[in-house]
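Please walk through the fold of this protein chain, from its backbone details to its cores and the surroundings of its ligand.

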Amino acid sequence: MTSHLPIRPELREWILSTTRAGHGVDTVLKMMQETGYDPRQSRSIVASVLNMPISALDAHTQAPAPKNQGRRTRHPEAPQMVANGHTVHVGLSMESPALRVLNDFLLAEECRALIEQAKPRLQRAKTVDSAGKQQIDARRTSEGMFFTIGETPLVQRIEQRIATMLSIPVDHGEGLQVLHYLPGQQYDAHYDWFNPEQPGFAAITAKGGQRIASLVMYLNTPEEGGGTAFPEVGLTVTALRGSAVYFAYDTGDEASLHAGLPVQKGEKWIATKWLREHPFQKASR
Ligand SMILES: O=C(O)CCC(=O)C(=O)O
Ligand SMILES: [Fe+2]
């Protein structure tokens with residue numbers, strides 16, 4: 001996905017002028033890493049600017065490929081899989097973005113209980129600004145809250161189901177977030193991966209590294225609207241109680257662009273789990 005990376009013009013110009021001045025690709029990569037770029041990111045960016053495949057980049061560098069590549073999730077396989085005794089049905093599969101619609105991911109009773117546990121703690125949802133700070137954002141008008149890892153037996157059960165289904169340890173997950181949207185509320189089109197070009201990138205990824213996949217679980221069925229749209233591929237996933245949409249991405253994967261469409265009638269409750277390439281926090285039990 002190297003061609004999809006948003007690269008600042010100054011950085012592009014610097015890479016071109018440095019290589020034109022006779023410095024090797026390995027020197028450029030080293031300098032980028034010294035200024036805080038993640039090794040994998042710098043390789044993608046340099047390959048994109050110099051218009052060469054990452055594999056060709058290896059031939060120009062003496063250093064072996066970076067070893068701190070994080071984990072990746074396993075995409076659930078159709079038609080169904082059993083995670084901790086619970087059967088999940090794969091209703092739709094897509095390869096770009098890597099996406100699965102999962103039916104029966106949560107029981108109706110689990111959806112109801114999760115909403116009840118979240119309700120007293122809702123606050124206006126925030127986004128992460130370019131300095132890595134949480135902020136109120138007009139693009140995201142819903143209310144939300146975070147559970148800590150394993151905070152309640154129910155949260156723990158859901159986290160273990162996710163971990164088994166995607167074959168990734170529970171501690172790679174950010175705390176489960178519950179969001180509540182009322183009519184007119186939405187989440188504008190965005191990527192869940194963090195942009196390596198934004199100033200706060202190092203701070204946001206210091207713990208756990210980059211995000212690699214998301215799971216959006218629908219806790220109710222809005223009367224009208226409120227689906228999750230993937231505008232790059234013309235797909236809208238219907239918000240249906242108990243089902244979920246899973247999608248995985250590389251940094252810069254534009255196909256993973258998605259939006260929580262406005263609720264037209266009724267309300268919408270979701271729980272989101274974002275997964276990181278490295279352990280994000282210690283599980284509490
Ligand atoms: O509300 C939705 O359908 C999408 C939510 C979302 O994109 C997120 O929580 O990152
Ligand atoms: Fe998202």
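A residue counts as buried if 20 or more other C-beta atoms lie within 10 Å of its own, as exposed if 12 or fewer do, and as partly exposed in between. The model to which this scale is applied here is a predicted one. With 13 C-beta neighbours inside 10 Å, S167 therefore counts as partly exposed; this serine, which lies in the loop between helix 6 and strand 8, has a positive phi of about 55° although it is not a glycine. The place of D104 is in the loop between strand 3 and helix 5.

Two cis peptide bonds may be located next. The bond from A78 to P79 is cis, with omega near 0°, and P79 belongs to the loop between helix 4 (54–60) and strand 1. The bond from S96 to P97 is also cis, with omega near 5°, and P97 is found in the loop between strand 2 (86–94) and strand 3.

Turning to the overall layout, the protein chain has seven helices and 17 strands, and 36% of its 285 residues count as buried. The domain assignment gives domain 1, which covers 2–60, and domain 2, which covers 80–276. Although the C-alpha centres of domain 1 and domain 2 lie 32 Å apart, 10 residues of domain 1 are in contact with eight residues of domain 2. On the side of domain 1 that touches domain 2, the residues divide into four nonpolar, four polar and two charged.

Helix 3, residues 39–49, is mostly covered, with eight of its 11 residues buried; among them are R40, R43, I45 and A47. Just after helix 3, N51 takes a positive phi of about 55°.

An open sheet of nine strands has the order 1-2-3-14-10-17-8-7-4, with antiparallel pairing. Its edge strands are strand 1 (80–83) and strand 4 (123–124), each of which pairs on one side only. Strand 4 pairs with strand 7, residues 143–146, in the antiparallel sense over two bridges, and Q123 stands opposite G144 in strand 7.

In soluble globular proteins, nonpolar side chains tend to be buried together. The largest nonpolar core here has 43 residues, of which M217, L219, A244, V245, Y246 and I270 touch the most other members. Several elements give two or more residues to this core, including helix 5 (108–118), helix 6 (153–166), strand 10, strand 14 (244–248) and strand 17. A second, separate core of 10 residues includes V25, Y37, A47 and L57.

When residues up to four places away in sequence are left out, I270 touches L179, V216, M217, Y218 and L219. Which residues, then, surround ligand 1? They are Y187, D192, S214, V216, T228, H258, G260, I270 and T272, and they divide into three nonpolar, five polar and one charged. Strand 10 (211–218), strand 15 (258–260) and strand 17 (268–276) each supply at least two residues of this shell.

Technical notes. Residues are numbered from 1 along each chain as its sequence is written. Chains are lettered from A and ligands numbered from 1 in the order in which they are written. This is a predicted model: local features need pLDDT of at least 70, side-chain atom pairs count only at pLDDT 80 or more; totals for chains, interfaces and linings use all residues. A residue is near a molecule or strand if its C-beta atom, placed from the backbone, lies within 6 Å of it. Helices (H or I, at least four residues) and strands (E, at least two) are DSSP runs, numbered from the N terminus. Ala, Val, Leu, Ile, Met, Phe, Trp, Tyr, Cys and Pro count as nonpolar, Asp, Glu, Lys and Arg as charged, and the others, Gly among them, as polar. Domain bounds come from an automatic or database domain assignment. Two residues are in contact if their C-beta atoms, placed from the backbone, lie within 7 Å. A nonpolar core is a set of buried Ala, Val, Leu, Ile, Met, Phe, Trp, Tyr and Cys residues joined through C-beta atoms within 7 Å. Two strands pair if DSSP finds at least two bridges between them.
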